[in-house]
Amino acid sequence: MLQTKAMEQRVGSPSPSRQSNVYNYYVVIVLTLVYLCSSLDRMIVSTVAEPLKHEFSLSDTQLGVLTGLFFAISFGVCGVPLGMLADRVHRPRLLSALLTVWSCLTFMSSFAQSYAMLALARIGVGASESGASSTSMSIISDLFPPEKRGLALSFFYASTPIGISIGLALGGYIAGHYGWRSVFMVAGIPGILLALLLLFTVRNPARGQFDSGAEKQKHAGEPVTVGTGFRLLWKMPALLMIMAAGVCLIVAQAGTHAFLTPFLMRVHHITIAEAGFATGLAQFIPGITGVLLGGVLADRMARRSSYAGLFAVAGLMLVTGPSSMAAFLVNDWHHAMVLLAVHNFLLALYYGTHFSSLLSLTPFRFRGTIGGIHAVALTLMGYGVGPVVAGAASDFFQNIGLEEPLRWAEVAVSGMFLVAAVFYLAAATLVRRGKLAEARRTLS
């Protein structure tokens, strides 16, 4: 049995010397398209938030729950088990199955006749999407060594601004001309086709092929369980700090982005098609440029030390927060979009360092599990809480009679970028202290 498994591993998973860089980047492109579908499906509810609000007579808090919390709860329930599953099974097959499920549910959302029906569909989408990030990161970590993962992961996460841009611009256009139901139909079809491409063209790489023999031996006997994953986090507080920083960052990002289109329609009085095009344009080029440049910087920082990039991202968040606040405070929507474009560029720079640091600090056998815990934390406490907080803040400001309540809700939520800076600084400090202590032990 062991020999058979070893033969399957050798046949289906070529060694680093035999793998082609062209093939490796082909896999990254396919995975990027998969995550683009995930980002698109996650964003389209926010794009059509105003039509949904009027059709189903919803409050902003209910919109926040629909765009974030329903998705996040199911994501949280399924994310860790699917992350553990990615550590045990054929990862491309798992990802293909998940992609098929969430794409079909997105397509079926177009037939929802009530708030409850749409909520059930979003719950299903959240559950199936919960394994996408951890499975993809696990595959990428076995295709590239640590000093090259930053750029590869940044290319992968460039799918996020692309997906958001398409969701905002194309979704706004389709909703304005053909209605909100057509948006869900168009968004669901590409994923079904992409699942077949993934299934038949992507191999399952050998696990841990770029990790040192000492690292493999250190964790060889540990079972891959949820409990072991959380014990690992307890032993490595720097990982916890990185996750906490990510949660705060996503609370701000998801909370503000969930109400971008409603903000422009209510405060600046433009149409849904105009709002979708403007926000999509402000996201597309700045977001992609920022993510890719962030990957290059992450790899350079990784060559210097394992903590330099985390210090840099901490400083970056101190600038990202005020730029977000400024975008919601100006009175001309053209100026707001320029500031939002600057903000999107700055925000996108964090991807490469954040995810490559998380992967490089995590032992290879637990990357799917830790990736699952990380994805659940970001989604449940970030994407789940952010839109609800923004919506509840808008309703609160409206109830106390504040003029333009959504404007001030967006400004308030933007403050979480500054909290993220504190956690990144803590993570960098912990990694630096750990490396210094390790160096002292080596010298002694």
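The side chains of Glu404 and Arg407 form a salt bridge, with N and O 2.7 Å apart (a side-chain nitrogen of Lys or Arg within 4 Å of a carboxyl oxygen of Asp or Glu). Glu404 is partly exposed at 31% relative accessibility, whereas Arg407 is buried at 4% (buried is under 20% relative accessible area, exposed over 50%, partly exposed in between; 1.4 Å probe, protein chains only). The model is predicted: local features need pLDDT of at least 70, side-chain atom pairs count only at pLDDT 80 or more, and totals for chains, interfaces and linings use all residues. Residues are numbered from 1 along each chain as its sequence is written, and side-chain values use heavy atoms, without hydrogens and water.

The whole structure holds six salt bridges. Glu50 pairs with Arg266, the closest N and O atoms being 2.9 Å apart. Glu50 lies in helix H3 (residues 49–56) and Arg266 in helix H14 (residues 260–267), so this bridge ties together parts 216 residues apart in sequence (helices are DSSP runs of H or I, at least four residues, numbered from the N terminus). Glu50 is buried, at 7% relative accessible area. Arg266 is partly exposed, at 27%. Lys53 bridges to Asp60 at 3.4 Å between the closest N and O atoms, and both residues are buried. Shared partners join Glu50, Lys53, Asp60 and Arg266 into one network.

Arg203 lies over the face of Tyr23, 4.0 Å from the ring centre (the criterion is NZ of Lys or CZ of Arg within 6 Å of the ring centre and within 35 degrees of the ring normal).

Conventions:
Helices (H or I, at least four residues) and strands (E, at least two) are DSSP runs, numbered from the N terminus.
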